[in-house]
Amino acid sequence: MESLEAELERARALEVGALADAIESIGFECTRCGSCCKGETDEPHTATVFPDEVRELQTAGDETAEPEASVSERSTEYDWRDVARPMPYGLTEGEDGLEGETFEWALQTDACGDCRFYEEEPAEGAGDGTESETGTDADAMGSGYCTVHEDRPLICQTYPFSVALGGTSQPMGEAVDEEGIVRAHECEGLGRDIDRADAVEIAQALRERAIRELEEAIAVRDQYRPADAGPGEVVVHDSEGAKRPDGTPLE
Ligand code: SF4
Ligand code: SF4
């Protein structure tokens, strides 16, 4: 792999039009099956969320805010732990639960292991025009929906796509299709016709996500100092430093 800095330059040079061409060629329409929001039988849902995305999601429950209000203009309705949990990879099971050091945050899960923002409509509720993850009308679709659709993280805005750059995430296993630098991952909505405007929207988010992931990786690498987590303690390293599981700085 090239250095993270070299990959970041490649990410910045990505052309939205070319990415949109690739997405159109692969084809995609979300069917609201919910697979990318739910956990597996033996593994809870795991999707990376950046620190500023956690803060944005903390304000997603503020129903008094104007739709276009910035994070600073909205009130914080969710605690950090309501939104995010330490990325489990690298943590070990201690006497009092998980412990150790890890990198980055994952979207918080519910008791079923699904993303805590995922809901399913009652059967009678289908067809009422509720927007799905990608804005598809509910007619003839599944019943899953995202309760924080407008504030969902970049990883969710761009699923099932990724770009083939080192240092960027490749969600849910190996790619099942690819076109140029764009990869497509497991998703029952692949191969369906997609509007140019929707393809461009995903392409813009895909480019932004690649840049953000690499900037985050570089910052984590540069800031990392071993934290020597004690028994029963979890330390999370992100681009802003070492933190406790409630998102507060360690020092
Ligand atoms: S993006 Fe794909 S996997 Fe996720 S809900 Fe839509 S169709 Fe299902
Ligand atoms: S934030 Fe929304 S789109 Fe993302 S995994 Fe959760 S329910 Fe799905």
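**A buried strand and its surroundings**

In strand E11, the side chains of Val234, Val236 and Asp238 point one way while those of Val235 and His237 point the other way, and all of these residues are buried. In a regular strand the side chains alternate between the two faces of the sheet. Because five of the five residues of E11 are buried, this strand is largely enclosed by the rest of the structure. The model is a predicted one, and the description that follows should be read with that in mind.

Which strands join E11, and in what sense do they run? Strand E4 and strand E11 (residues 234-238) run parallel and are joined by four bridges, whereas E11 and strand E12 (residues 241-243) run antiparallel and are joined by three bridges.

Strand E4 (residues 97-103) in turn pairs with strand E3 (residues 92-94) in the antiparallel sense, over three bridges. Within this pairing, Glu93 has Leu98 of E4 as its bridge partner, and a hairpin of two residues leads from E3 to E4.

Elsewhere in the chain, three strands form an open sheet in the order E1-E5-E2, with antiparallel pairing. Its edge strands are E1 (48-49) and E2 (84-86), each of which pairs on one side only. Between E2 and strand E5 (residues 105-107), which run antiparallel, there are three bridges, and one position in this pairing is marked by Ala84, whose bridge partner in E5 is Leu107.

Seen as a whole, the protein chain has six helices and twelve strands. Its radius of gyration is 19 Å, close to the 18 Å that the globule rule gives for 251 residues, so the chain is as compact as a globular protein of that length. Along the principal axes, the C-alpha atoms of the chain fill a box of roughly 50 × 45 × 40 Å. Buried residues make up 43% of the 251 residues, and of the contacts in the chain with a separation of 6 or more, 67% are between residues 24 or more positions apart.

Two ligands can be described through the residues that surround them. Ligand 1 is surrounded by eleven residues, of which Cys30, Cys33, Gly34, Cys36 and Cys187 are the closest, and the shell divides into six nonpolar, four polar and one charged residues. Around ligand 2 there are eleven residues as well, with Cys37, His45, Cys115, Cys146 and Cys156 coming nearest, and by class this shell has nine nonpolar, one polar and one charged residues.

How confident is the prediction, and where does pLDDT stay under 50? The protein chain averages a pLDDT of 88, and 90% of the residues score at least 70. Over residues 125-138, however, pLDDT stays under 50, and for this stretch the model has 34 contacts beyond four places in sequence. Where pLDDT is low, the predicted coordinates should not be read in detail.

How values were computed: Residues are numbered from 1 along each chain as its sequence is written. Chains are lettered from A and ligands numbered from 1 in the order in which they are written. This is a predicted model: local features need pLDDT of at least 70, side-chain atom pairs count only at pLDDT 80 or more; totals for chains, interfaces and linings use all residues. Side-chain values use heavy atoms; hydrogens and water are left out. A residue is near a molecule or strand if one of its heavy atoms lies within 4 Å of it. Ala, Val, Leu, Ile, Met, Phe, Trp, Tyr, Cys and Pro count as nonpolar, Asp, Glu, Lys and Arg as charged, and the others, Gly among them, as polar. pLDDT is the predictor's confidence in each residue, from 0 to 100. Contact means heavy atoms within 4.5 Å. Two strands pair if DSSP finds at least two bridges between them. The radius of gyration is taken over C-alpha atoms; the globule rule is 2.2 Å times the number of residues to the power 0.38. Buried means under 20% relative accessible area, exposed over 50%, partly exposed in between (1.4 Å probe, protein chains only).
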